[in-house]
Amino acid sequence: MLEAAIEALGIIADPYRMGIIALAVVIGLGLGVIPGLGGVVGLAILIPFTYSMDPLAAFAFLVGMGAVTTTSDTIPAVLFGVPGTSGSAATVVDGYPMARNGESGRAFGAAYSASLIGGVFGALLLGLSIPLLRPIMLYMGSPELLMLTVLGLSMVAVLSGKAPLRGLAAGVLGLVMAMVGLGSQGGSIRWTFDQIYLWDGLPLIPITLGLFAIPELVDMAITRSRIDKGGKGADGDLSRGQWQGVKDTVMHWRLTLRTGALGAGLGAIPGLGSAVVDWLAYGHTVRSEKKDPRFGDGDVRGVIGPEAANNAKTGGALVPTIAFGVPGSAAMALLLGAFLMHGLIPGPAMLTTNLDITYGIIWSLAIANILGAGLCLMFANQFAKVALIRFGILVPVITVIVFLGAFQSSKSWGDIFVLLGFGVFGWTMKRLGWPRPPLLLGFVLGGIFERYLWLSINTSVSTSETGSAIAWLGRPLVLVLIAITLWGIFSGIWPWLRRRRRGEKTASIRITSPQWSVDAGFALLVLIGLGYLLLLSQQFSANDRVVPQIAVATAMLITLLILLISLFVEYVSLGEGDEARSDGASGGIDKELGKHWRHRLVGSTVWIVGLTIGIYVVGFLPAAALFIVAYSVIEGKESIFTSALVAAGVTVGAWALFHVAIKVKWPYALLGDYLPVLRSITGFL
């Protein structure tokens with residue numbers, strides 16, 4: 001194996017193949033920056049271009065591109081609070097506050113150096129573990145995978161900060177939302193409200209962008225401030241801040257290696273996905289790093305942990321793909337198709353006859369991570385300067401990018417409506433101190449949990465001697481994972497319990513007569529909505545309604561408790577600090593603007609609705625150009641020339657990428673039927 005590894009390195013070091021990897025890295029970095037795109041889209045675009053390549057060059061190209069999308073997705077996550085891919089959502093929690101505090105250079109330095117170490121570490125583990133992990137992966141069945149999912153759900157306690165009850169409610173709400181669509185057991189159509197769009201379930205990308213991106217854009221428009229509120233980086237010299245981030249990664253090298261190993265290990269489990277790995281790594285970081293915790297306020301460790309795991313997971317996902325032909329993720333499923341296209345059969349042959357190709361893929365993964373992190377570190381100063389751009393330019397441009405990213409989910413109007421709906425929901429949650437990360441974690445894991453639960457029950461009934469549906473609970477690895485989960489839940493709530501035991505009052509509490517408030521009204525609306533969903537669930541088949549009804553009933557009980565507390569308990573609100581700790585973004589708009597924020601909130605809503613109407617009337621790209629010009633001139637007081645120049649750059653770039661390269665089918669436009677000449681000339685409508 002050592003000889004094969006050295007031989008593969010010599011082949012990869014050929015200038016032609018190194019050039020192929022470098023080109024793939026540039027493409028991957030570009031795709032990672034744009035929300036909604038990523039490795040899956042890139043592989044779908046690039047696989048046809050590998051037909052004429054030899055297998056080693058082809059997979060160096062594909063793996064190199066896919067590996068670095070998780071490096072550059074840090075850029076929008078840190079600067080705008082917008083996850084570039086679903087795998088960078090956890091980076092937002094501390095990365096965006098760092099940018100708001102003027103530490104964007106430090107955040108980039110930490111993220112890229114952690115990504116480099118995590119990616120190389122993941123490739124190393126891949127090279128060493130393929131022959132060793134085979135018996136372990138063959139042993140793991142649906143019960144073990146189910147308990148890994150439950151372990152992931154236990155992270156809700158960690159992600160809830162100082163609002164454990166609201167965080168728990170948000171996590172269960174995410175589980176409920178994950179049940180939308182066709183049932184996995186009886187084929188029932190669950191909570192689709194006669195919309196075919198919802199048959200496949202709610203899409204992840206629009207939900208992520210709605211929960212995290214839209215609220216930050218609205219708040220930026222309300223406060224009319226730069227990302228860096230001070231107008232200059234608190235780092236002073238951005239280069240110094242960047243290298244401080246690199247030093248932070250070196251200082252916390254144990255955390256980097258631990259989360260890298262965690263990312264590689266979880267990435268090898270088929271079906272978990274990058275979003276799950278990211279949150280689990282963040283949860284582990286919060287639990288394990290006890291010294292001076294500032295998580296949610298801009299703790300650099302909250303960037304290092306998820307980024308190291310995010311890049312390491314690609315190496316892990318390649319393990320089942322290469323060794324067993326079982327794709328560990330959606331991107332690996334496409335890569336599996338590329339294997340077959342080039343006449344390679346994943347399995348024992350990849351560990352014997354084609355061992356040189358296997359190690360060529362591993363070397364490509366390591367080299368791509370080094371090149372990608374190096375390029376990002378080289379240009380981190382330029383990225384960080386985006387935090388100084390005036391809001392009149394930044395808000396409309398990022399809004400258009402968010403709309404474009406959301407639309408890539410299923411390329412239908414439903415994506416836009418989901419984006420807007422969850423944008424309203426996410427902004428309300430942020431304002432009222434409801435943590436948003438638990439909701440996203442519950443949503444990501446909900447479908448996986450239900451699927452593995454039924455697989456475990458059905459397998460147990462058919463294979464156990466007694467026909468018991470819960471015999472799988474006695475499997476050794478299941479018991480170990482249950483113990484780890486219970487310990488994780490306890491360690492997550494223990495700090496909160498300890499504060500109560502010591503009598504540390506975070507609020508002045510007394511029982512009062514009923515007092516209506518916005519908090520109570522929001523809880524009541526959620527409770528009514530859940531009750532309606534519970535009523536509709538009676539129409540589902542017996543198996544398809546078990547998990548949804550349990551999730552809805554649990555969410556109703558927790559929300560009812562929150563409602564009663566809001567009505568009858570008078571206390572000092574958690575406020576800005578606690579929201580920041582639990583959610584990664586602080587409020588404080590009322591204090592900054594007094595009465596003006598409500599008027600600006602209405603104005604921001606009108607602008608977003610106007611963009612949506614414009615897309616429907618004249619088409620996506622023309623409406624985007626008009627929106628950028630109008631917003632920049634009217635709200636940002638920018639010159640018409642500057643606004644038009646920015647609008648032209650964004651529109652032409654979007655047209656080249658989405659219309660020419662990806663060949664996106666744009667949503668229906670009302671004037672599209674009446675302007676055939678414009679449609680044929682521009683291809684916009």
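**Exercises on cavities and helix packing**

Two cavities of 30 Å³ or more are counted, where a cavity is a set of points on a 1 Å grid over the protein atoms alone in which a 1.4 Å probe fits but cannot get out. The model is predicted: local features need pLDDT of at least 70, side-chain atom pairs count only at pLDDT 80 or more, and totals for chains, interfaces and linings use all residues. Residues are numbered from 1 along each chain as its sequence is written, and side-chain values use heavy atoms, with hydrogens and water left out.

**Exercise 1.** Describe the largest cavity and its lining.

*Step 1.* The largest cavity holds about 70 Å³ of space, a volume being the space filled by probe spheres set on the points, which are joined across faces, edges and corners.

*Step 2.* The cavity is lined by L217, V218, A221, V395, T399, S604, W607, I608, F627 and Y631; lining residues have an atom within 4 Å of a point.

*Step 3.* At least two lining residues come from each of α11 (204–223), α19 (391–407), α27 (596–618) and α28 (620–634). Helices are DSSP runs (H or I, at least four residues), numbered from the N terminus.

*Step 4.* The lining comprises eight nonpolar, two polar and no charged residues. Ala, Val, Leu, Ile, Met, Phe, Trp, Tyr, Cys and Pro count as nonpolar, Asp, Glu, Lys and Arg as charged, and the others, Gly among them, as polar.

**Exercise 2.** Determine how α19 and α29 are oriented to each other, and which residues meet.

*Step 1.* Helix α29 (residues 640–661) packs with α19 at an angle of about 15°, their axes 11 Å apart. Axes are lines fitted to C-alpha atoms over the stretch in contact, and angles run from 0 to 180 degrees between N-to-C directions.

*Step 2.* α19 and α29 are therefore roughly parallel, the class for angles under 35 degrees.

*Step 3.* From α19, I393, V397, V400 and L404 meet T642, V646, V650, A654 and F658 of α29; contact means heavy atoms within 4.5 Å.

*Step 4.* This contact has eight nonpolar, one polar and no charged residues.

**Exercise 3.** Determine how α1 and α2 are each oriented to α17.

*Step 1.* Helix α1 (residues 2–12) packs with helix α17 (residues 355–378) at about 60°, with axes 8 Å apart. α1 and α17 are therefore oblique to each other.

*Step 2.* Helix α2 (residues 15–33) crosses α17 at roughly 55°, and their axes come within 9 Å. This pair is therefore oblique, a class left after angles under 35, over 145 and 65 to 115 degrees are set aside.

*Step 3.* M18, I21, A22, V25 and L29 of α2 meet α17 residues including S364 and I367.

Conventions. 1 Å grid on protein atoms, 1.4 Å probe; cavity = no way out; pocket = protein on both sides within 12 Å on 5 of 7 lines; lining within 4 Å.
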